[in-house]
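Subject: Structure handover

Hello,

The structure is pasted below, and my notes on what was found in it follow. Please read them alongside the coordinates.

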Amino acid sequence: NLSDRLTSTFKGLRGKGRLTEADIDGTIREIRRALLDADVAVPVVRTFTGNIRERALGAEVSGALNPGEQVVKIVNEELISILGGESRPLRHAKTGPTVIMLAGLQGAGKTTLAGKLAHHLKGQGQTPLLVAADLQRPNAVNQLQVVGERAGVPVFAPEPGVTREGERQRGNPVKVAKKAMKEAEQRQHSVVIVDTAGRLGVDAELMKQAADIRKAVEPDEVLFVIDSMIGQDAVATATAFQEGVDFTGVVLTKLDGDTRGGAALSVREVTGRPILFASTGEKLDDFEVFHPDRMAGRILDMGDILTLIEQAEKAFDQEEAARMADKVTKGEDFTLTDFLSQMQQLKNMGSMKKMLGMLPGMGQMREQIENFDERELVRTEAIIQSMTPAERDNPKILNGSRRSRIASGSGMQVSDVNSLVKRFEDAQKMMRAMAKGGGMPQMPGQGG
Ligand code: GDP
Ligand code: MG
């Protein structure tokens with residue numbers, strides 16, 4: 001599936017120090033193949049990979065992320081953007097009931113969704129009315145009634161008997177919908193959800209019926225309900241409904257069974273209409289407000305890695321890191337100010353302790369971070385802040401009287417000051433050795 005494919009692609013990148021244009025193109029090829037296999041529409045794949053390539057080539061070098069991680073980050077951001085960026089809330093009518101009409105192919109999950117949506121809105125204090133405007137299938141009205149009962153929401157249906165007599169005496173769904181609107185106003189329902197008929201394939205009669213219902217009820221939202229397992233037909237179906245009825249939003253159903261994830265990416269990009277909700281099972285509660293970022297995480301299935309990347313970026317002050325690296329290579333003297341700033345970074349990293357083993361190159365720092373004692377940092381800060389700038393830059397001048405002045409200024413013992421100076425000197429030695437020998441900096445400050 002898509003997430004497995006992308007994951008293995010990114011694994012190949014993870015060990016790399018720097019990405020060449022060829023690396024990026026190889027990765028893009030893999031992403032393109034994975035997306036096409038996941039039934040993402042061709043033009044969508046083209047846009048998507050084009051954006052990623054451009055951004056990956058121009059990516060700034062980050063102190064916190066290796067190039068492979070940067071590509072993951074870019075792919076994630078582009079996925080979110082193609083899925084609509086932010087979630088878009090349901091639009092409500094300014095006066096009178098909010099009218100929501102559902103449209104889509106037979107079996108897409110409209111009737112099931114009607115119940116879930118009613119249940120969801122009821123939970124928000126709304127008083128929904130469900131309307132059975134699918135008079136196509138003999139059992140459709142009854143199905144909605146069952147769904148309504150389960151959700152504890154009333155159902156407006158045509159006079160009993162009409163549908164039970166089957167195909168020959170079908171009621172008129174447009175009339176039913178109009179009647180339902182009157183009923184909703186009289187009974188002061190705050191929301192009306194209109195369930196409509198679908199066919200197995202797109203057809204003209206069905207489209208006209210849906211368009212007529214739309215005209216009759218003037219909905220605030222027309223939600224196009226689409227089975228996320230529909231595959232490459234997603235784009236053609238969505239386009240047909242957009243032209244035939246037009247819709248204001250999309251609902252993805254059967255996401256519980258969607259192993260490919262292609263429909264979600266294609267429909268939003270091709271129609272430009274936001275995805276509002278997702279249906280993830282047959283039960284009333286298997287329903288969610290659609291969040292593009294969560295869906296992107298699901299497609300990538302790399303939630304843990306993405307969280308890690310976010311935290312690493314936050315914890316790691318890039319400028320500071322660059323400044324330190326520069327100092328080390330020049331072999332300049334390491335000062336107490338540097339020492340303190342390293343300890344502070346260590347503290348930031350403490351908050352991501354558990355995940356550290358996953359970050360390439362950082363495994364060796366893990367032990368130090370695990371032993372990190374926050375009180376120690378507080379003491380160190382107090383002591384260093386009681387020093388004059390000259391003392392911080394050149395600790396060699398710290399004689400006995402200076403040390404006792406610093407101890408009383410910071411509320412510490414002279415022995416605390418001594419132990420800090422000792423640890424600093426150890427760190428300084430290590431920094432000097434590194435400036436000569438190179439290699440990954442060990443975080444000093446936890447030697448004592
Ligand atoms: P409609 O023809 O568009 O009204 O579709 P239905 O609501 O009758 O749903 C068709 C079938 O899909 C039913 O068996 C539903 O139980 C099932 N279904 C609907 N939504 C979901 C979903 O999100 N997940 C799963 N697994 N099944 C669903
Ligand atoms: Mg139905």
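**The sheet and its helices**

F277 has V289 in β8 as its bridge partner. Strand β7 (residues 275-279) and β8 run antiparallel and are joined by three bridges. Two strands are taken as paired if DSSP finds at least two bridges between them. Helices (H or I, at least four residues) and strands (E, at least two) are DSSP runs, numbered from the N terminus.

This is a predicted model, in which local features need pLDDT of at least 70 and side-chain atom pairs count only at pLDDT 80 or more, while totals for chains, interfaces and linings use all residues. Residues are numbered from 1 along each chain as its sequence is written, and chains are lettered from A and ligands numbered from 1 in the order in which they are written.

The open sheet has eight strands in the order β3-β2-β4-β1-β5-β6-β7-β8, with mixed pairing. At its edges are β3 (155-156) and β8 (287-289), each of which pairs on one side only. Helix α5 (residues 110-123) packs on the sheet and touches β1 (98-103), β2 (128-133), β4 (191-196), β5 (221-227), β6 (249-253), β7 and β8. The direction of α5 makes about 170 degrees with that of β4. Helix α9 (residues 233-244) lies across β1 and β5 and runs at about 160 degrees to β5. For these angles, axes are lines fitted to C-alpha atoms, for helices over the stretch in contact, and the angles run from 0 to 180 degrees between N-to-C directions. In total, the protein has 19 helices and eight strands.

**Strand β1**

β1 pairs in the parallel sense with β4 over four bridges, and M101 has V194 of β4 as its bridge partner. β1 also pairs in the parallel sense with β5 over four bridges, where A103 stands opposite F224. Six of the six residues of β1 are buried, so the strand is largely enclosed by the rest of the structure. A residue is buried if 20 or more other C-beta atoms lie within 10 Å of its own, exposed if 12 or fewer, and partly exposed in between, with C-beta atoms placed from the backbone. In a regular strand the side chains alternate between the two faces of the sheet. Both faces of β1 are covered, with T98, I100 and L102 buried on one side and V99, M101 and A103 buried on the other.

**Cores and contacts**

A nonpolar core here is a set of buried Ala, Val, Leu, Ile, Met, Phe, Trp, Tyr and Cys residues joined through C-beta atoms within 7 Å. The largest has 91 residues, and V131, V192, V194 and I226 have the most contacts inside it. Domain 1 (2-86 + 302-308) and domain 2 (98-290) both contribute residues, so this core lies between them; the domain bounds come from an automatic or database domain assignment. Another core, of 14 residues, lies apart from it and includes L336, I384, F424 and A427.

Two residues are in contact if their C-beta atoms, placed from the backbone, lie within 7 Å. Leaving aside neighbours within four places in sequence, V192 is in contact with P97, V99, I100, L129, V131, A180, M181 and A184. Residues 24 or more positions apart account for 75% of the protein's contacts with a separation of 6 or more. Of the 448 residues, 40% count as buried.

**Two positive phi values**

Most residues other than glycine have a negative phi, and most peptide bonds are trans. Q188 has a positive phi of about 55 degrees although it is not a glycine; this residue is in the loop between α7 (173-186) and β4. Q188 is exposed, with 10 other C-beta atoms within 10 Å. K254 is likewise not a glycine and has a positive phi of about 55 degrees, in the loop between β6 and α10 (262-271). K254 is buried, with 22 other C-beta atoms within 10 Å.

**Confidence**

The mean pLDDT (the predictor's confidence in each residue, from 0 to 100) is 80 for the protein, and 74% of the residues score at least 70. The pLDDT is below 50 over residues 162-168, a stretch with eight contacts in the model beyond near neighbours in sequence. It is also below 50 over residues 352-366, which have 20 such contacts. Where pLDDT is low, the predicted coordinates should not be read in detail.

Regards
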